[in-house]
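This report walks a new reader through one chain, from its overall division to a few local details. Please look over the sequence and the structure before reading on.

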Amino acid sequence: MARENYREDVAGRANVEDTPELLAYYDELERLEAGALWTVANKIEPWQPASASKPVLWRYRDLREHVLRSVDLVTPEKAGRRVIYLNNPGRQEVSAAVGWLYSGLQVMQPGEVASAHAHSASALRFIMEGAGAYTIVDGHKMTLGANDFVLTPNGTWHEHGVSEDGEPCIWQDGLDIPLMNALEANFYVVHPELQQAVGHPVNSMPAAWGNPGLLPAGETWTKPYSPLLKYEWTRTYDALTRYSEVTDGSDFDGVMMNYINPVSGGPVMQTIGASMQMLRPGEKTRAHRHTGSFLYQCAKGRGYSIINGKRFDWQERDIFCVPSWAWHEHANASDSEDACLFAFNDMPVMNALGLYREEAFGENGGQQPILT
Ligand SMILES: [Fe+2]
Ligand SMILES: [Fe+2]
């Protein structure tokens, strides 16, 4: 029977012609749970990263009503977490939104509380709408508003809720569940009492650790994630605005700032990094590509991104992905307002493993031709 052997007529690459004798030999190896490397080598070692993820834009105006419908269909008690997840058509087997990253939209009603739990996956949430949302991480309660960004790192007890006097809340969850499963290192634990006690004043961590250039004297922090836990939108936007006044920004990203661990200067968590970038009125970036998977959410304004030659128009709350090694460039569609893009990514993994590579799109003034 014919089988794909991925031959390439290039010196140094596998290029073995099938013969009846070899085909019989391959069958014998298969019965022994083995195989000849030269039949798969060119497939498993591509010349460059071959992402299975498709560039996708998830429009909030399309998804929102379906997210809200889940409120009538399931309770958080029964669902565990009431989330509509983003299912990349190239990554359905691992329930990833892009690469090895998972993402979903979670909705909670005033007075609802999700049960406390912990897992190996590192997690974050980016608040999309509503009022009264909160997250508790290892006894630290944080109140959350639109465009606030909160961490629930690997191994921490965490739970979410919306206060009785709040409004229905929707936020984007981001986790590295597929990566943890790929590494076969994923554990999940439900808190023995289902809820955890709040052991500190509300918002104590951002109050202590979230002050520019200042760390609390006499306090030590040795955990491998940021003690800040919550990054408020007003401070983030203020920082971007101030920085935009004194920088030309990056050719590829406009004015971009990374969320960091203020103690180490490194990424917010061991496996997930995050950033907020501002595209100034009329700004259009140049295209580049690099390793690492990215999920973007438009936090403000409107614009478009061109990913592997395809244009994706976005507005506030839309989410889109840029797969590893995909060409991408971004543009602000407004000539008077800035546009802001939140993103999370697996860059800490790329950097820690020495896998980061980047390339600028050299032709056409750095702009990709649009493919139809
Ligand atoms: Fe969780
Ligand atoms: Fe990029």
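The expected span of a helix is 1.5 Å times one less than its number of residues. In this predicted model, helix α3, which covers residues 60-73, has 14 residues and reaches 20 Å from its first C-alpha to its last, close to the 20 Å expected. Helix α3 is also hardly covered, since the count of buried residues among its 14 residues is one.

The domain assignment divides the chain into domain 1 (1-40) and domain 2 (57-366), and the C-alpha centres of domain 1 and domain 2 lie 44 Å apart.

The largest nonpolar core has 73 residues, of which Leu124, Leu295 and Tyr296 touch the most other members. Strand β5 gives the most to this core, with nine residues. Leaving aside neighbours within four places in sequence, Tyr296 is in contact with Ile319, Phe320, Val322, Leu341, Phe342 and Ala343.

Strand β5 runs antiparallel to strand β6, and five bridges join the two. One pairing links isoleucine 136 to lysine 141, its bridge partner in β6. The hairpin of β5 and β6 has two residues between the strands, and there aspartate 138 takes a positive phi near 45°. Strand β6 is mostly covered, with four of its five residues buried.

| Element | Residues |
|---|---|
| Helix α3 | 60-73 |
| Strand β5 | 123-137 |
| Strand β6 | 140-144 |

Definitions and conventions:
Residues numbered from 1 in each chain as written. Chains lettered and ligands numbered in written order. Predicted model: local features only at pLDDT ≥ 70, side-chain atom pairs only at ≥ 80, totals over all residues. Domains from an automatic or database assignment. Buried ≥ 20, exposed ≤ 12 C-beta atoms within 10 Å, placed from the backbone. Core = buried A, V, L, I, M, F, W, Y, C linked by C-beta atoms within 7 Å. Contact = placed C-beta atoms within 7 Å. Pairing = 2+ DSSP bridges.
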